[in-house]
Amino acid sequence: MGAAGIVLRDVHKAYFKDRLEIPVLAGLNLEIAPGEFAALMGPSGSGKSTLLHLIGGLDTPTRGSVRVGDSQLESMSESALTAWRSRHVGFIFQMYHLVPVLTAAQNVELPLLLFRMASSERKRRVQTALSIVGLGDRTDHRPNQLSGGQEQRVAIARAIVTDPDVLLADEPTGDLDARTSEEILNLLNALNTEFGKTIVMVTHDPRAAGHAGRTLHLDKGVLDREEVNTRRAATASAS
Amino acid sequence: MTLPLYYNWRNLFVRKLTTLLTVAVIAVVVAALIVLLSFGSGMKRSVGGSGHPANLLVLNAGATAESTSLIWPEDARLLVQTPGAAVGPDGQPLVSLEIVVQTDVRRLRDGSSANVAVRGVDDAALAVHDQVRIHGRIFRQGAREAMVGRAAQSLYRGLNIGDRIALGRSRSHEYEIVGVFEAAGSAFESEIWAPRTMIADSYQRRFDSSAVIRLLDPGRIDEAAAYVNGPAVRLKAASEPEYYSQLSDQSQQVVYLVLGLVIIMAAGAVFAVANTMYAAVDGRRREIAMLRTLGFSRVAIVAAFLIEAAMIATMACGLGIAASLPFSGMRRDFLSPVTHSVTGFEIVITPGICLAALVAAILVGIVGAAAPAARAARTPIVRALRRG
Ligand SMILES: Nc1ncnc2c1ncn2[C@@H]1O[C@H](COP(=O)(O)OP(=O)(O)O)[C@@H](O)[C@H]1O
Ligand SMILES: [Mg+2]
């Protein structure tokens, strides 16, 4: 599948707590080109995760439009979004969210079970995804037998195994030490440059954001400024 | 589009103790149900299978059972004219007059007392009850001799060939047991048979209890019954199978009573399953949200928890069957509220009963897991994914 672009227009999102409206996003506009690697920064509670969830079809906006690739997400039903997610997005979370009772390979295989596919083909794809993240030799380990960095690699393998257009990462290095973070960021970088995945990554860490081509800043419900990382853009286009 | 079974299976062992306790609770219900059903079917078989379709059983008009029926000799004489009656080797119509009384015996198992039916019969009885097979020998008419049914012999004390049993109003007449008989597993096997004239003498009875008329053609049983029921005789006739199936229905009342108890136990097991599955769902909120994120549908999530409950139920069923197997082949008796005498039966755990238990166990599992599975399906993805 080719990379997909992301376009959000006048997106509002509010939560209701005790019938009190808590506005999170207020008329947000966003455009991310196909194959772009964008970082999303902002204060805690500013709505970064909320925005990522809207792009990934896990939630729907109160108002406004969300287009990812050719899909207009705000008009899709819950079950249509569920099916859409399985084909078009890969999520990477801070806490990895691996299934503890399954091995690395079985965790990675999970999203493929939603496709009509011969089991040999599934096995081949799982092996490919695990070798891309550098864990080809850890396939039979359970999550609790892996380090945090390895767990996140398994989670990334699980996110890419269906070859989605878009990868959405919510503070993927938030729980990792500096060296491991660097490895994970390099991996995301490679997925972007070598495999052309469109990536949106939420992060608190400016160094992490430095791996992206562009950093968007979310504050008070809108993207109030952005900066292009020229150094990264240069390495990306050079490769 | 569902999760793989090994995912469900392994999750059962994340909460080993809870899973095991739930398995145990359902297993108790399964075992109770199996024992009850095999008791019930054993009782039913011991009575319900009795009787020959060409035999017409005659009682007096108000009676519900042989033991409470009385037929006076002048009425009995009219029965030989029953239309369609078969004729015996002596040229006489095959009518077996029978006296049914009871005597107290002790159970081999625990020495407790049981009321066994004693049937006084003539030679005609062996012609109408042609399923009877005798080991040893038959009593001689005119002698205080008796033969005992196989079930009675195996359940009660002092009923072996050569033993003597005291019968009669004041138990003053001793009968020697000279034979043991089989009767194709029917209720007769729980009885003691002796010569009718001797029983009439010992119990000082001038009337019989019942008469059994063998007909040439079971298809003409209505015609024969009409004669017996009609103004000429004014007794009550029913085909033997009909009489015994009605007796066996009455024996099932206690089964229904206990079934009520088992259903209450099953309801308890449903709550145990619900409790276990709620704990599983609440403990796996993040995992459910993640699976939903990957694209697993609500249906797939519901299915996952129902399958886990069904797995627990299936394990429980295996355990319950194993726990109930020692009961298989056991011989017990039950006191009929209609005849006031005991009938022996064998508890047999059949594949059909095990299948019924499996269905019941899985039902308990599925019903118990329904609400937790629905909760799992409604897990708000975004909220469950958040930290803390
Ligand atoms: N389900 C919800 N119900 C109520 N408030 C919510 C809910 N989800 C998020 N919020 C609120 O929305 C705001 C944005 O949350 P979030 O997107 O997680 O921020 P960030 O990821 O930038 O830290 C927060 O104030 C949070 O408390
Ligand atoms: Mg967040």
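Mentor: Start with the whole structure, which is a predicted model. A search over all chains finds 38 salt bridges.

Trainee: Why is the pair B:Glu191 and B:Arg119 called a salt bridge?

Mentor: The closest N and O atoms of B:Glu191 and B:Arg119 are 2.7 Å apart. The cut-off is 4 Å, between a side-chain nitrogen of Lys or Arg and a carboxyl oxygen of Asp or Glu. The pair therefore counts as a salt bridge.

Trainee: What makes this pair a tie between parts apart in sequence?

Mentor: B:Glu191 lies in the loop between β7 (173–182) and β8 (192–195) of chain B, and B:Arg119 in strand β3 (residues 113–121) of chain B. The parts are 72 residues apart in sequence, so the pair ties them together. Both B:Glu191 and B:Arg119 are buried.

Trainee: How do you know that B:Asp122 and B:Arg196 form a salt bridge?

Mentor: Their closest N and O atoms are 2.9 Å apart. The limit is 4 Å, so the pair passes. This pair also links distant parts of the chain. B:Asp122 is in the loop between β3 and α4 (124–128) of chain B, B:Arg196 is in helix α6 (residues 196–202) of chain B, and they are 74 residues apart.

Trainee: Why is B:Arg196 called buried?

Mentor: Its relative accessibility is 18%. Buried means under 20%, so B:Arg196 counts as buried.

Trainee: Are B:Arg220 and B:Glu223 buried, exposed or partly exposed, and why?

Mentor: B:Arg220 has 40% relative accessibility. B:Glu223 has a relative accessible area of 39%.

Trainee: Which residues do salt bridges with shared partners join into one network?

Mentor: B:Glu66, B:Glu98, B:Arg119 and B:Glu191.

Trainee: Turn to the interface. How do you know that B:Arg298 and A:Glu78 form a salt bridge?

Mentor: Their side chains meet at 3.8 Å, N to O. The cut-off is 4 Å, so the pair counts. The count between chain B and chain A is two salt bridges.

Trainee: Which element of chain B gives the most to the side that touches chain A?

Mentor: α1 (5–12), α10 (285–294) and α13 (381–385) of chain B each supply at least two residues. α10(B) gives the most, with seven residues. That side of chain B divides into 13 nonpolar, four polar and seven charged residues.

Trainee: How much area do the two chains bury between them?

Mentor: About 2,300 Å², 65% of it on carbon and sulfur atoms. The contact involves 24 residues of chain B and 29 residues of chain A.

Trainee: What makes the ligand 1 site shared between chains?

Mentor: Residues from chains A and B surround ligand 1, so the site is shared. The surrounding residues include A:Lys48, B:Arg383 and B:Arg386.

Trainee: How do you know that A:Thr50 makes a polar contact with ligand 1?

Mentor: A side-chain N or O atom of A:Thr50 is 2.5 Å from an oxygen atom of ligand 1. The limit is 3.5 Å, so this pair qualifies. For the side chain of A:Ser49 the distance is 2.8 Å. A:Gly45 uses a backbone N or O atom, at 2.8 Å.

Trainee: Finally, why is A:Arg19 called exposed?

Mentor: A:Arg19 has 83% relative accessibility. Exposed means over 50%, so the label holds. A:Arg19 lies in the loop between β1 (6–17) and β2 (20–32) of chain A.

Note on methods: Residues numbered from 1 in each chain as written. Chains lettered and ligands numbered in written order. Predicted model: local features only at pLDDT ≥ 70, side-chain atom pairs only at ≥ 80, totals over all residues. Heavy atoms only, no water. Contact = heavy atoms within 4.5 Å. Buried area = accessible area lost by both parts, 1.4 Å probe. Helix = DSSP H or I, 4+ residues; strand = E, 2+ residues; numbered from the N terminus. Nonpolar A, V, L, I, M, F, W, Y, C, P; charged D, E, K, R; others polar. Buried < 20%, exposed > 50% of the residue type's maximum accessible area, 1.4 Å probe, protein only. Near = heavy atom within 4 Å. Polar contact = N/O pair within 3.5 Å; in protein donor to acceptor, adjacent residues only side chain to side chain.
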